[in-house]
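Thanks, everyone. Please have the sequence and the model open while I talk.

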Amino acid sequence: MWSWFVDALRQHAELAIFLTMALGFFIGRIGVKGIVLGSVTGTLLAGVLIGQLDITIPDLVKTVAFIGFLFALGFKVGPQFFAGLKKTGIPQVIISVVGCVIGLLIAWGMAVLMGYGPGWGAGLLAGGLTQSAVIGVATDAINASTTIPDDMKQTYVNQIPVGYAVCYLFGTAAAAYFLSQLAWRFLGSKSLVGDSKALEKELGTSFDPDDAPAYRRLERRTYRITAGSELAGTAVKDFEALAASRGRRIFLHRYRHGDTAAFTTPETVLQAGDVVTVTANHADFIRGEMTAAGTEVDDPQLLDYDIETLDVAITRKEADGLTPSQLAEHAEARDLFITRIMRAGIEMPLGRNTPIRVGDTVTVQGPRELVERAVPKVGEPLRTSDETDFSFVGLGIFLGGLIGIPTIAIAGADIGLTTSGGALIMGLIFGWLRAKHPTWGRFPPAAEWLMNTGGLCLFVGITGITAGPNFISGLKQEGVSLLLAGLVVTLVPMFVTLALGKLIYKWPSPINLGVTAGTFTTTASIGAITDAAKSQVPVLGYTVPYAIGNTLLTIWGTIIVALLS
(Lines give C-alpha, C1' and ligand atoms only; values in the text may rest on other atoms or scores of the structure.)
Protein backbone atom coordinates (compact mmCIF):
# COMPACT_ATOMS: atom_id res chain seq x y z
CA MET A 1 0.00 0.00 0.00
CA TRP A 2 2.78 2.41 0.95
CA SER A 3 4.80 1.66 -2.17
CA TRP A 4 1.69 2.23 -4.30
CA PHE A 5 1.14 5.61 -2.60
CA VAL A 6 4.76 6.66 -3.16
CA ASP A 7 4.68 5.54 -6.80
CA ALA A 8 1.44 7.48 -7.34
CA LEU A 9 3.03 10.70 -6.09
CA ARG A 10 6.19 10.17 -8.12
CA GLN A 11 4.31 9.42 -11.32
CA HIS A 12 1.73 12.18 -10.75
CA ALA A 13 3.65 15.08 -9.28
CA GLU A 14 0.56 17.29 -9.51
CA LEU A 15 -0.98 15.20 -6.72
CA ALA A 16 2.09 15.72 -4.55
CA ILE A 17 1.74 19.49 -5.03
CA PHE A 18 -1.88 19.60 -3.92
CA LEU A 19 -1.18 17.29 -0.98
CA THR A 20 1.61 19.66 0.04
CA MET A 21 -0.75 22.64 -0.14
CA ALA A 22 -3.39 20.85 1.92
CA LEU A 23 -0.95 19.80 4.64
CA GLY A 24 0.83 23.16 4.53
CA PHE A 25 -2.24 25.24 5.25
CA PHE A 26 -3.16 22.87 8.07
CA ILE A 27 0.32 23.12 9.60
CA GLY A 28 0.25 26.88 9.10
CA ARG A 29 -2.66 27.20 11.51
CA ILE A 30 -0.62 25.74 14.36
CA GLY A 31 0.44 28.42 16.80
CA VAL A 32 2.01 28.97 20.19
CA LYS A 33 0.85 31.86 22.38
CA GLY A 34 -0.85 33.59 19.48
CA ILE A 35 2.07 33.26 17.04
CA VAL A 36 1.22 30.94 14.15
CA LEU A 37 3.56 29.44 11.58
CA GLY A 38 1.53 30.83 8.70
CA SER A 39 0.56 29.20 5.43
CA VAL A 40 3.88 29.93 3.69
CA THR A 41 6.10 28.33 6.32
CA GLY A 42 3.60 25.53 6.83
CA THR A 43 3.62 24.73 3.11
CA LEU A 44 7.42 24.80 2.98
CA LEU A 45 7.64 22.31 5.85
CA ALA A 46 4.98 20.12 4.26
CA GLY A 47 6.93 20.22 0.99
CA VAL A 48 10.12 19.18 2.77
CA LEU A 49 8.27 16.28 4.37
CA ILE A 50 6.77 15.03 1.11
CA GLY A 51 10.05 15.75 -0.66
CA GLN A 52 11.65 12.91 1.29
CA LEU A 53 9.89 10.65 -1.22
CA ASP A 54 12.20 11.97 -3.96
CA ILE A 55 9.60 13.52 -6.25
CA THR A 56 10.59 15.40 -9.41
CA ILE A 57 8.61 18.49 -10.46
CA PRO A 58 9.32 20.58 -13.60
CA ASP A 59 10.81 24.00 -12.82
CA LEU A 60 8.31 25.73 -15.10
CA VAL A 61 5.45 25.09 -12.66
CA LYS A 62 7.38 26.79 -9.86
CA THR A 63 8.36 29.71 -12.07
CA VAL A 64 4.81 30.41 -13.22
CA ALA A 65 3.53 30.34 -9.62
CA PHE A 66 6.26 32.70 -8.42
CA ILE A 67 5.98 35.27 -11.19
CA GLY A 68 2.21 35.40 -10.63
CA PHE A 69 2.74 35.90 -6.90
CA LEU A 70 5.14 38.80 -7.40
CA PHE A 71 2.80 40.59 -9.79
CA ALA A 72 -0.09 40.21 -7.33
CA LEU A 73 2.11 41.42 -4.48
CA GLY A 74 3.15 44.51 -6.43
CA PHE A 75 -0.46 45.11 -7.49
CA LYS A 76 -1.59 45.02 -3.86
CA VAL A 77 0.96 47.47 -2.46
CA GLY A 78 1.40 49.64 -5.57
CA PRO A 79 -1.00 52.44 -4.55
CA GLN A 80 0.64 52.85 -1.15
CA PHE A 81 4.13 52.52 -2.62
CA PHE A 82 3.64 55.51 -4.90
CA ALA A 83 1.53 57.43 -2.39
CA GLY A 84 4.38 57.04 0.10
CA LEU A 85 6.71 58.84 -2.30
CA LYS A 86 4.69 62.01 -1.83
CA LYS A 87 5.57 64.65 0.73
CA THR A 88 3.39 63.30 3.54
CA GLY A 89 4.93 59.82 3.37
CA ILE A 90 8.55 60.75 2.77
CA PRO A 91 9.73 60.33 6.41
CA GLN A 92 8.36 56.78 6.52
CA VAL A 93 9.81 56.04 3.10
CA ILE A 94 13.26 57.28 4.16
CA ILE A 95 13.35 55.22 7.34
CA SER A 96 12.03 52.17 5.51
CA VAL A 97 14.64 52.42 2.77
CA VAL A 98 17.43 52.92 5.32
CA GLY A 99 16.15 49.98 7.37
CA CYS A 100 16.05 47.71 4.31
CA VAL A 101 19.60 48.71 3.31
CA ILE A 102 20.82 48.06 6.86
CA GLY A 103 19.10 44.67 6.76
CA LEU A 104 20.90 43.79 3.54
CA LEU A 105 24.26 44.90 4.92
CA ILE A 106 23.80 42.97 8.18
CA ALA A 107 22.79 39.82 6.27
CA TRP A 108 25.76 40.18 3.94
CA GLY A 109 28.14 40.81 6.83
CA MET A 110 26.89 37.81 8.80
CA ALA A 111 27.09 35.59 5.70
CA VAL A 112 30.71 36.63 5.13
CA LEU A 113 31.51 36.16 8.82
CA MET A 114 30.01 32.67 8.82
CA GLY A 115 31.63 31.75 5.50
CA TYR A 116 28.32 31.29 3.68
CA GLY A 117 28.00 31.19 -0.09
CA PRO A 118 25.05 32.56 -2.08
CA GLY A 119 22.76 29.67 -1.07
CA TRP A 120 23.05 29.89 2.71
CA GLY A 121 23.40 33.68 2.45
CA ALA A 122 20.15 34.07 0.51
CA GLY A 123 18.37 31.73 2.94
CA LEU A 124 19.72 33.79 5.84
CA LEU A 125 18.44 37.00 4.25
CA ALA A 126 15.04 35.51 3.36
CA GLY A 127 14.40 34.03 6.80
CA GLY A 128 16.13 36.65 8.96
CA LEU A 129 14.23 39.50 7.28
CA THR A 130 11.06 37.34 7.02
CA GLN A 131 10.67 37.93 3.27
CA SER A 132 9.59 34.71 1.57
CA ALA A 133 9.82 36.19 -1.92
CA VAL A 134 13.63 36.24 -1.63
CA ILE A 135 13.63 32.47 -2.10
CA GLY A 136 12.39 32.72 -5.66
CA VAL A 137 14.35 35.81 -6.66
CA ALA A 138 17.61 34.38 -5.29
CA THR A 139 16.92 31.05 -7.00
CA ASP A 140 16.47 32.83 -10.33
CA ALA A 141 19.63 34.84 -9.73
CA ILE A 142 21.69 31.73 -8.97
CA ASN A 143 20.42 29.88 -12.03
CA ALA A 144 21.10 32.91 -14.24
CA SER A 145 24.55 33.65 -12.79
CA THR A 146 27.58 33.42 -15.06
CA THR A 147 30.04 33.40 -12.15
CA ILE A 148 28.64 30.41 -10.24
CA PRO A 149 29.82 27.02 -11.60
CA ASP A 150 26.97 25.02 -13.11
CA ASP A 151 27.71 22.01 -10.91
CA MET A 152 27.22 24.17 -7.78
CA LYS A 153 23.99 25.91 -8.72
CA GLN A 154 21.58 23.21 -7.56
CA THR A 155 23.49 22.84 -4.27
CA TYR A 156 23.10 26.56 -3.60
CA VAL A 157 19.45 26.52 -4.64
CA ASN A 158 18.73 23.67 -2.22
CA GLN A 159 20.41 25.55 0.63
CA ILE A 160 18.06 28.54 0.34
CA PRO A 161 14.85 26.93 1.75
CA VAL A 162 16.82 25.27 4.57
CA GLY A 163 18.30 28.62 5.64
CA TYR A 164 14.93 30.30 5.22
CA ALA A 165 13.02 27.74 7.29
CA VAL A 166 15.44 27.86 10.24
CA CYS A 167 15.79 31.64 10.32
CA TYR A 168 12.15 32.41 9.58
CA LEU A 169 10.67 30.24 12.31
CA PHE A 170 12.79 31.75 15.06
CA GLY A 171 13.01 35.20 13.47
CA THR A 172 9.25 35.65 13.25
CA ALA A 173 8.77 34.70 16.90
CA ALA A 174 11.69 36.90 18.03
CA ALA A 175 10.48 39.89 16.00
CA ALA A 176 6.91 39.63 17.29
CA TYR A 177 8.03 39.33 20.91
CA PHE A 178 10.63 42.09 20.64
CA LEU A 179 8.38 44.63 18.93
CA SER A 180 5.30 43.98 21.05
CA GLN A 181 6.89 43.47 24.48
CA LEU A 182 10.33 45.09 24.60
CA ALA A 183 10.83 47.68 21.87
CA TRP A 184 8.51 50.34 23.32
CA ARG A 185 10.55 50.23 26.53
CA PHE A 186 13.70 50.67 24.44
CA LEU A 187 12.03 53.79 22.97
CA GLY A 188 11.54 55.25 26.44
CA SER A 189 7.78 54.75 26.54
CA LYS A 190 6.17 54.14 29.91
CA SER A 191 3.11 52.48 28.44
CA LEU A 192 2.39 51.35 24.89
CA VAL A 193 -1.31 51.25 25.72
CA GLY A 194 -1.16 54.79 27.12
CA ASP A 195 0.66 56.13 24.06
CA SER A 196 -1.88 54.46 21.78
CA LYS A 197 -4.81 55.91 23.72
CA ALA A 198 -3.29 59.38 23.37
CA LEU A 199 -3.04 58.96 19.61
CA GLU A 200 -6.61 57.66 19.46
CA LYS A 201 -7.74 60.85 21.16
CA GLU A 202 -5.93 62.94 18.55
CA LEU A 203 -7.58 60.92 15.79
CA GLY A 204 -10.99 61.23 17.37
CA THR A 205 -11.22 57.47 17.61
CA SER A 206 -12.77 55.75 20.60
CA PHE A 207 -11.81 52.20 21.49
CA ASP A 208 -13.64 52.11 24.78
CA PRO A 209 -15.44 48.77 25.09
CA ASP A 210 -18.81 50.54 25.31
CA ASP A 211 -18.23 53.07 22.54
CA ALA A 212 -16.02 51.40 19.95
CA PRO A 213 -18.67 49.11 18.44
CA ALA A 214 -21.24 51.94 18.63
CA TYR A 215 -19.14 54.34 16.60
CA ARG A 216 -19.29 52.07 13.57
CA ARG A 217 -22.88 50.88 13.97
CA LEU A 218 -25.23 53.38 12.35
CA GLU A 219 -28.90 53.61 13.20
CA ARG A 220 -31.85 55.38 11.66
CA ARG A 221 -34.82 56.21 13.84
CA THR A 222 -37.91 58.44 13.69
CA TYR A 223 -38.79 61.23 16.15
CA ARG A 224 -41.86 63.44 16.59
CA ILE A 225 -40.75 66.99 17.25
CA THR A 226 -42.16 68.46 20.46
CA ALA A 227 -43.18 72.07 20.92
CA GLY A 228 -40.51 74.29 22.43
CA SER A 229 -37.71 71.80 21.66
CA GLU A 230 -34.37 72.59 20.05
CA LEU A 231 -35.64 71.33 16.71
CA ALA A 232 -39.05 73.02 16.57
CA GLY A 233 -38.90 75.96 14.16
CA THR A 234 -35.24 75.27 13.38
CA ALA A 235 -33.67 74.81 9.96
CA VAL A 236 -32.15 71.40 9.31
CA LYS A 237 -28.68 72.86 8.64
CA ASP A 238 -28.74 74.79 11.93
CA PHE A 239 -29.66 71.74 13.99
CA GLU A 240 -27.02 69.60 12.26
CA ALA A 241 -24.44 72.35 12.87
CA LEU A 242 -25.44 72.47 16.56
CA ALA A 243 -24.92 68.70 16.82
CA ALA A 244 -21.52 69.03 15.07
CA SER A 245 -20.45 71.69 17.59
CA ARG A 246 -21.06 69.08 20.29
CA GLY A 247 -18.88 66.55 18.47
CA ARG A 248 -21.83 64.58 17.10
CA ARG A 249 -22.83 63.61 13.54
CA ILE A 250 -26.63 63.74 13.35
CA PHE A 251 -28.54 64.08 10.09
CA LEU A 252 -32.20 64.60 9.33
CA HIS A 253 -32.98 63.04 5.97
CA ARG A 254 -36.74 62.56 5.53
CA TYR A 255 -39.73 64.09 7.31
CA ARG A 256 -43.53 63.98 7.45
CA HIS A 257 -45.58 67.15 7.77
CA GLY A 258 -49.22 66.22 8.17
CA ASP A 259 -49.96 63.67 5.47
CA THR A 260 -47.04 64.71 3.26
CA ALA A 261 -43.66 62.97 3.34
CA ALA A 262 -40.61 64.55 1.71
CA PHE A 263 -36.82 64.64 1.82
CA THR A 264 -35.25 67.48 3.75
CA THR A 265 -32.91 70.10 2.37
CA PRO A 266 -30.44 72.08 4.50
CA GLU A 267 -32.95 74.96 4.46
CA THR A 268 -36.00 72.90 5.52
CA VAL A 269 -37.56 74.31 8.70
CA LEU A 270 -39.18 71.62 10.85
CA GLN A 271 -42.20 72.33 13.02
CA ALA A 272 -43.64 70.85 16.20
CA GLY A 273 -45.62 67.73 15.36
CA ASP A 274 -43.49 66.83 12.34
CA VAL A 275 -41.96 63.36 12.27
CA VAL A 276 -38.36 63.22 11.05
CA THR A 277 -35.86 60.45 10.34
CA VAL A 278 -32.62 60.75 12.30
CA THR A 279 -29.33 59.14 11.23
CA ALA A 280 -26.59 58.96 13.86
CA ASN A 281 -24.10 56.68 15.53
CA HIS A 282 -25.66 54.29 17.98
CA ALA A 283 -23.63 55.90 20.78
CA ASP A 284 -25.28 59.29 20.15
CA PHE A 285 -28.72 57.81 20.61
CA ILE A 286 -27.58 56.19 23.85
CA ARG A 287 -26.29 59.58 25.07
CA GLY A 288 -29.76 61.01 24.57
CA GLU A 289 -28.80 63.51 21.88
CA MET A 290 -32.38 63.56 20.50
CA THR A 291 -34.33 63.70 23.77
CA ALA A 292 -34.19 67.52 23.71
CA ALA A 293 -35.69 67.54 20.22
CA GLY A 294 -38.58 65.14 20.37
CA THR A 295 -40.04 61.77 21.23
CA GLU A 296 -39.11 58.57 19.42
CA VAL A 297 -41.96 57.01 17.45
CA ASP A 298 -42.33 53.99 15.19
CA ASP A 299 -42.79 55.10 11.58
CA PRO A 300 -41.54 52.35 9.26
CA GLN A 301 -43.04 54.00 6.16
CA LEU A 302 -40.97 57.15 6.67
CA LEU A 303 -37.84 55.00 6.95
CA ASP A 304 -38.70 53.11 3.77
CA TYR A 305 -35.94 54.50 1.53
CA ASP A 306 -32.92 52.79 -0.05
CA ILE A 307 -29.66 52.70 1.88
CA GLU A 308 -26.50 51.86 -0.05
CA THR A 309 -23.21 50.56 1.34
CA LEU A 310 -20.49 51.01 -1.27
CA ASP A 311 -16.72 50.54 -1.41
CA VAL A 312 -15.05 53.54 -3.01
CA ALA A 313 -11.48 53.77 -4.32
CA ILE A 314 -10.10 57.19 -3.41
CA THR A 315 -8.56 58.55 -6.62
CA ARG A 316 -9.09 62.33 -6.55
CA LYS A 317 -6.07 64.40 -5.48
CA GLU A 318 -8.33 66.90 -3.72
CA ALA A 319 -9.48 64.13 -1.35
CA ASP A 320 -5.94 63.07 -0.38
CA GLY A 321 -5.23 63.82 3.27
CA LEU A 322 -8.79 64.76 4.17
CA THR A 323 -10.35 63.28 7.31
CA PRO A 324 -13.88 61.89 7.67
CA SER A 325 -14.89 65.03 9.58
CA GLN A 326 -13.59 67.26 6.77
CA LEU A 327 -15.33 65.19 4.11
CA ALA A 328 -18.56 65.47 6.09
CA GLU A 329 -18.46 69.26 5.72
CA HIS A 330 -19.19 69.01 2.00
CA ALA A 331 -22.85 69.52 1.11
CA GLU A 332 -22.95 66.30 -0.95
CA ALA A 333 -21.77 64.24 2.02
CA ARG A 334 -23.97 65.60 4.78
CA ASP A 335 -25.90 62.36 5.21
CA LEU A 336 -23.07 59.93 4.42
CA PHE A 337 -21.03 57.94 6.90
CA ILE A 338 -17.64 56.29 6.43
CA THR A 339 -17.72 52.90 8.11
CA ARG A 340 -14.30 51.49 7.13
CA ILE A 341 -10.97 52.54 5.66
CA MET A 342 -8.76 49.92 4.02
CA ARG A 343 -5.15 50.69 3.07
CA ALA A 344 -3.01 48.11 1.24
CA GLY A 345 -5.34 45.38 2.48
CA ILE A 346 -5.08 46.53 6.12
CA GLU A 347 -8.04 48.01 7.99
CA MET A 348 -7.11 51.40 9.43
CA PRO A 349 -8.29 52.75 12.79
CA LEU A 350 -11.36 54.82 11.99
CA GLY A 351 -11.80 58.19 13.66
CA ARG A 352 -12.98 61.70 12.85
CA ASN A 353 -9.37 62.80 12.23
CA THR A 354 -7.97 59.72 10.47
CA PRO A 355 -6.39 60.96 7.19
CA ILE A 356 -7.63 59.33 4.00
CA ARG A 357 -5.09 58.75 1.23
CA VAL A 358 -5.28 58.24 -2.52
CA GLY A 359 -5.32 54.48 -3.01
CA ASP A 360 -7.43 53.80 0.07
CA THR A 361 -10.68 51.87 -0.23
CA VAL A 362 -13.36 53.57 1.85
CA THR A 363 -16.72 52.02 2.67
CA VAL A 364 -19.48 54.63 2.53
CA GLN A 365 -23.04 54.22 3.73
CA GLY A 366 -26.02 56.49 3.17
CA PRO A 367 -29.16 57.09 1.12
CA ARG A 368 -28.59 55.67 -2.34
CA GLU A 369 -29.18 58.89 -4.27
CA LEU A 370 -26.71 60.79 -2.06
CA VAL A 371 -24.07 58.05 -2.25
CA GLU A 372 -24.30 57.99 -6.06
CA ARG A 373 -24.01 61.78 -6.21
CA ALA A 374 -21.13 62.11 -3.75
CA VAL A 375 -18.84 59.23 -4.80
CA PRO A 376 -17.52 60.83 -8.04
CA LYS A 377 -16.28 63.80 -5.99
CA VAL A 378 -13.66 61.61 -4.25
CA GLY A 379 -13.09 58.51 -6.35
CA GLU A 380 -14.59 55.58 -8.19
CA PRO A 381 -17.15 53.03 -6.99
CA LEU A 382 -16.01 49.43 -6.63
CA ARG A 383 -19.07 47.38 -7.48
CA THR A 384 -19.11 43.80 -6.27
CA SER A 385 -17.96 41.40 -8.98
CA ASP A 386 -16.06 38.12 -9.09
CA GLU A 387 -14.81 38.64 -12.64
CA THR A 388 -11.06 39.11 -13.25
CA ASP A 389 -9.85 41.01 -16.31
CA PHE A 390 -7.04 38.65 -17.19
CA SER A 391 -6.10 40.66 -20.26
CA PHE A 392 -4.98 43.34 -17.78
CA VAL A 393 -3.24 40.89 -15.43
CA GLY A 394 -1.63 38.88 -18.22
CA LEU A 395 -0.37 41.99 -20.01
CA GLY A 396 1.17 43.27 -16.77
CA ILE A 397 3.06 40.03 -16.14
CA PHE A 398 4.19 39.85 -19.78
CA LEU A 399 5.52 43.42 -19.83
CA GLY A 400 7.16 42.95 -16.43
CA GLY A 401 8.90 39.82 -17.62
CA LEU A 402 10.22 41.64 -20.68
CA ILE A 403 11.75 44.51 -18.69
CA GLY A 404 13.31 41.99 -16.30
CA ILE A 405 15.26 40.08 -18.97
CA PRO A 406 18.08 42.60 -19.72
CA THR A 407 21.16 42.50 -17.46
CA ILE A 408 24.14 44.73 -16.78
CA ALA A 409 27.65 43.64 -15.87
CA ILE A 410 28.74 44.72 -12.39
CA ALA A 411 32.03 43.48 -10.94
CA GLY A 412 32.09 40.69 -13.50
CA ALA A 413 28.57 39.49 -12.70
CA ASP A 414 25.49 39.92 -14.89
CA ILE A 415 22.81 41.54 -12.72
CA GLY A 416 19.23 42.17 -13.75
CA LEU A 417 15.71 42.25 -12.36
CA THR A 418 14.94 38.79 -13.83
CA THR A 419 11.44 38.06 -15.11
CA SER A 420 10.11 37.71 -11.58
CA GLY A 421 11.60 41.02 -10.45
CA GLY A 422 10.19 42.69 -13.53
CA ALA A 423 6.75 41.27 -12.68
CA LEU A 424 7.01 42.84 -9.23
CA ILE A 425 7.85 46.26 -10.66
CA MET A 426 5.08 46.07 -13.24
CA GLY A 427 2.69 44.90 -10.52
CA LEU A 428 3.47 48.10 -8.61
CA ILE A 429 2.76 50.19 -11.69
CA PHE A 430 -0.42 48.34 -12.64
CA GLY A 431 -1.68 48.48 -9.04
CA TRP A 432 -1.11 52.24 -9.03
CA LEU A 433 -2.84 52.60 -12.40
CA ARG A 434 -5.79 50.58 -11.13
CA ALA A 435 -6.08 52.87 -8.09
CA LYS A 436 -6.00 55.92 -10.34
CA HIS A 437 -8.46 54.42 -12.82
CA PRO A 438 -10.55 51.78 -10.99
CA THR A 439 -12.50 51.03 -14.14
CA TRP A 440 -9.35 49.51 -15.64
CA GLY A 441 -8.45 45.87 -15.19
CA ARG A 442 -10.71 44.34 -12.56
CA PHE A 443 -8.72 42.15 -10.15
CA PRO A 444 -11.05 41.30 -7.23
CA PRO A 445 -9.61 40.53 -3.78
CA ALA A 446 -10.37 36.80 -3.95
CA ALA A 447 -8.50 36.41 -7.24
CA GLU A 448 -5.68 38.60 -5.95
CA TRP A 449 -5.40 36.44 -2.81
CA LEU A 450 -5.30 33.26 -4.88
CA MET A 451 -2.48 34.56 -7.06
CA ASN A 452 -0.66 36.21 -4.14
CA THR A 453 -0.86 33.83 -1.19
CA GLY A 454 -1.76 30.80 -3.29
CA GLY A 455 1.03 31.47 -5.79
CA LEU A 456 3.65 31.95 -3.08
CA CYS A 457 2.57 28.82 -1.20
CA LEU A 458 2.59 26.82 -4.43
CA PHE A 459 6.10 28.06 -5.13
CA VAL A 460 7.55 27.35 -1.68
CA GLY A 461 5.76 24.00 -1.54
CA ILE A 462 7.47 22.89 -4.75
CA THR A 463 10.73 24.36 -3.45
CA GLY A 464 10.36 22.26 -0.31
CA ILE A 465 9.61 19.11 -2.32
CA THR A 466 12.69 19.68 -4.49
CA ALA A 467 14.96 20.45 -1.56
CA GLY A 468 13.49 17.74 0.67
CA PRO A 469 16.14 15.04 0.12
CA ASN A 470 18.92 17.46 1.15
CA PHE A 471 17.04 19.30 3.88
CA ILE A 472 17.95 17.17 6.89
CA SER A 473 21.65 17.00 6.07
CA GLY A 474 21.78 20.75 5.48
CA LEU A 475 20.01 21.45 8.74
CA LYS A 476 22.50 19.31 10.63
CA GLN A 477 25.38 21.03 8.89
CA GLU A 478 24.44 24.66 9.53
CA GLY A 479 21.48 24.60 11.93
CA VAL A 480 22.90 26.24 15.08
CA SER A 481 25.02 28.83 13.28
CA LEU A 482 22.08 29.70 11.02
CA LEU A 483 19.83 30.19 14.01
CA LEU A 484 22.22 32.60 15.73
CA ALA A 485 23.03 34.47 12.53
CA GLY A 486 19.33 34.71 11.71
CA LEU A 487 18.51 36.32 15.06
CA VAL A 488 21.20 38.94 14.46
CA VAL A 489 19.81 39.67 10.99
CA THR A 490 16.28 39.93 12.41
CA LEU A 491 16.88 42.09 15.47
CA VAL A 492 19.80 44.42 14.74
CA PRO A 493 18.14 46.23 11.79
CA MET A 494 15.01 46.64 13.91
CA PHE A 495 17.01 48.28 16.71
CA VAL A 496 18.55 50.71 14.24
CA THR A 497 15.25 51.51 12.52
CA LEU A 498 13.51 52.19 15.83
CA ALA A 499 16.36 54.43 16.98
CA LEU A 500 16.30 56.45 13.74
CA GLY A 501 12.55 56.92 13.96
CA LYS A 502 12.84 58.18 17.53
CA LEU A 503 15.91 60.40 17.09
CA ILE A 504 15.19 61.90 13.66
CA TYR A 505 11.41 62.11 13.45
CA LYS A 506 10.45 61.70 17.12
CA TRP A 507 7.57 59.41 16.23
CA PRO A 508 5.30 58.20 19.05
CA SER A 509 6.12 54.63 19.99
CA PRO A 510 3.00 53.05 18.36
CA ILE A 511 3.78 54.67 14.99
CA ASN A 512 7.49 53.82 15.29
CA LEU A 513 6.67 50.18 15.98
CA GLY A 514 4.30 50.08 13.01
CA VAL A 515 6.95 51.56 10.70
CA THR A 516 9.50 48.97 11.83
CA ALA A 517 7.10 46.04 11.45
CA GLY A 518 6.15 47.27 7.98
CA THR A 519 9.75 47.83 6.87
CA PHE A 520 10.57 44.19 7.57
CA THR A 521 7.18 42.94 6.35
CA THR A 522 6.52 40.95 9.49
CA THR A 523 2.75 40.57 9.56
CA ALA A 524 2.88 38.47 12.73
CA SER A 525 4.50 41.41 14.51
CA ILE A 526 1.89 44.01 13.59
CA GLY A 527 -0.79 41.69 14.97
CA ALA A 528 1.17 41.22 18.20
CA ILE A 529 1.79 44.99 18.45
CA THR A 530 -1.87 45.92 18.05
CA ASP A 531 -2.81 43.27 20.63
CA ALA A 532 -0.26 44.64 23.10
CA ALA A 533 -1.32 48.24 22.40
CA LYS A 534 -5.01 47.34 22.64
CA SER A 535 -5.39 49.62 19.62
CA GLN A 536 -5.16 49.70 15.84
CA VAL A 537 -3.22 52.98 15.66
CA PRO A 538 0.20 51.28 15.08
CA VAL A 539 -1.20 50.28 11.68
CA LEU A 540 -0.94 53.95 10.65
CA GLY A 541 2.82 53.49 10.48
CA TYR A 542 2.72 50.06 8.85
CA THR A 543 1.30 50.36 5.35
CA VAL A 544 3.75 52.63 3.47
CA PRO A 545 6.88 50.90 4.91
CA TYR A 546 5.24 47.54 4.17
CA ALA A 547 4.98 48.51 0.49
CA ILE A 548 8.59 49.73 0.43
CA GLY A 549 9.89 46.70 2.35
CA ASN A 550 8.11 44.18 0.16
CA THR A 551 9.68 45.75 -2.91
CA LEU A 552 13.25 46.29 -1.70
CA LEU A 553 13.66 43.12 0.35
CA THR A 554 12.50 41.07 -2.62
CA ILE A 555 15.05 42.76 -4.89
CA TRP A 556 17.75 42.07 -2.28
CA GLY A 557 17.48 38.40 -3.25
CA THR A 558 19.34 39.22 -6.46
CA ILE A 559 21.81 41.55 -4.70
CA ILE A 560 22.83 39.07 -1.98
CA VAL A 561 23.58 36.41 -4.60
CA ALA A 562 25.75 38.87 -6.55
CA LEU A 563 27.59 39.95 -3.38
CA LEU A 564 28.36 36.38 -2.29
CA SER A 565 29.10 34.84 -5.71
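Cys-167 is buried, at a relative accessible area of 2%. Buried means under 20% relative accessible area, exposed means over 50%, and partly exposed is in between, with a 1.4 Å probe and protein chains only.

A word on the source. This is a predicted model, where local features need pLDDT of at least 70 and side-chain atom pairs count only at pLDDT 80 or more, while totals for chains, interfaces and linings use all residues. Residues are numbered from 1 along each chain as its sequence is written, and side-chain values use heavy atoms, leaving out hydrogens and water.

Back to the cysteines. How many disulfides does the structure hold? The count is 0. A disulfide here is a pair of cysteine sulfur atoms within 2.5 Å. For Cys-167, the closest cysteine sulfur is in Cys-100, 17 Å away, so that is too far for a bond. Cys-457 has its closest cysteine sulfur in Cys-167, at 19 Å, again too far for a bond. Cys-457 is buried too, at 0% relative accessibility.

Now the helices. Helices are DSSP runs of H or I, at least four residues, numbered from the N terminus. Take H3, residues 39-51. From first C-alpha to last, its 13 residues reach 18 Å, close to the 18 Å expected at 1.5 Å a residue. That expected span is 1.5 Å times one less than the number of residues. Why is H3 largely enclosed by the rest of the structure? Because 11 of its 13 residues are buried. Among them are Ser-39, Val-40, Leu-44 and Ile-50.

Next, a helix pair. The axes of H6 (residues 118-128) and H20 (residues 543-564) come within 9 Å and cross at roughly 145°. Axes are lines fitted to C-alpha atoms, for helices over the stretch in contact, and angles run from 0 to 180 degrees between N-to-C directions. H6 brings Pro-118, Gly-121, Ala-122 and Leu-125 to the contact, and H20 brings Trp-556, Gly-557, Ile-560, Val-561 and Leu-564. Contact means heavy atoms within 4.5 Å.

Two last residues. Ser-180 lies in H8, residues 150-186. Ser-180 is buried, at 4% relative accessibility. Leaving out residues up to four places away in sequence, Ser-180 touches Leu-192, Ala-528, Ile-529 and Ala-532.

Where is Val-537? Val-537 sits in the loop between H19 (523-533) and H20. Val-537 is buried, at 0% relative accessibility.

Terms used:
Helices (H or I, at least four residues) and strands (E, at least two) are DSSP runs, numbered from the N terminus.
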